[in-house]
Amino acid sequence: MPYHNYGQLDSEDIKDVIVYIRNLQPIENHVPQSESDFSMNFILNTIPSKANLHKKPSPADTVAYGKYLITAAACVDCHTPFEKGKLIATMMFDGGRTFQTPGGTVTSANLTPDAESGIGKWTRKDFMDRFAFFRDSANAHRKIDFAKDFNTPMP
């Protein structure tokens with residue numbers, strides 16, 4: 001979970017997420033108490049940083065609001081290649097990170113404004129349609145052919 005991203009959000013958004021989660025029907029699942037071996041127990045207690053909450057920008061400020069949304073959604077974590085456990089800063093949002101899923105290997109898309117390999121030719125409608133596709137219950141359980149379709153694990 002990208003806790004470091006959540007610590008940059010508006011406190012009201014964090015509270016909304018908590019309320020949403022608390023309203024979900026619980027799933028009966030008995031998970032044993034986790035235990036961390038030495039030195040991992042020190043890492044778990046020292047690495048997390050204090051939240052640095054920000055006010056949510058106005059949607060009218062599309063750049064600031066977009067940055068807020070990609071922070072909340074942790075887009076960079078999947079859409080930027082990693083090397084030795086670190087993001088490659090020169091390739092932010094370039095895509096190309098691969099994930100093994102039950103449906104096959106998926107590769108994250110390039111979200112940069114590059115017109116050929118990214119989303120530079122997309123209209124606002126194209127972008128919104130991409131995320132709204134599975135809202136329709138007729139598509140919600142559609143089997144994705146990863147070789148031909150979106151090649152994405154995103155709902």
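Helices here are DSSP runs of H or I with at least four residues, strands are runs of E with at least two, and both are numbered from the N terminus. A pocket is an open set of points on a 1 Å grid over the protein atoms alone, where a 1.4 Å probe fits, with protein on both sides within 12 Å along at least five of seven lines; lining residues have an atom within 4 Å of a point.

This is a predicted model, in which local features need pLDDT of at least 70 and side-chain atom pairs pLDDT 80 or more, while totals for chains, interfaces and linings use all residues. Residues are numbered from 1 along each chain as its sequence is written, and side-chain values use heavy atoms, without hydrogens or water.

I will start with the second largest pocket. Its volume is about 190 Å³, counted as the space filled by probe spheres set on the points, which are joined across faces, edges and corners. Ten residues line this pocket, and Tyr6, Ile14, Val17, Ile18 and Ile21 lie nearest its centre. Helix H2, residues 11–22, gives the most to the lining, with six residues. By type, the lining has eight nonpolar residues (Ala, Val, Leu, Ile, Met, Phe, Trp, Tyr, Cys, Pro), two charged (Asp, Glu, Lys, Arg) and no polar ones (the others, Gly among them).

Now the backbone. The Phe38 to Ser39 peptide bond is cis, with omega near 0°. Ser39 sits in the loop between H2 and helix H3 (40–46).

Ala74, in the loop between helix H4 (62–73) and helix H5 (75–79), has a positive phi, near 55°, and is not a glycine. Phe93 is also not a glycine, and its phi is positive at about 65°; its place is the loop between strand S2 (86–87) and strand S3 (98–101).
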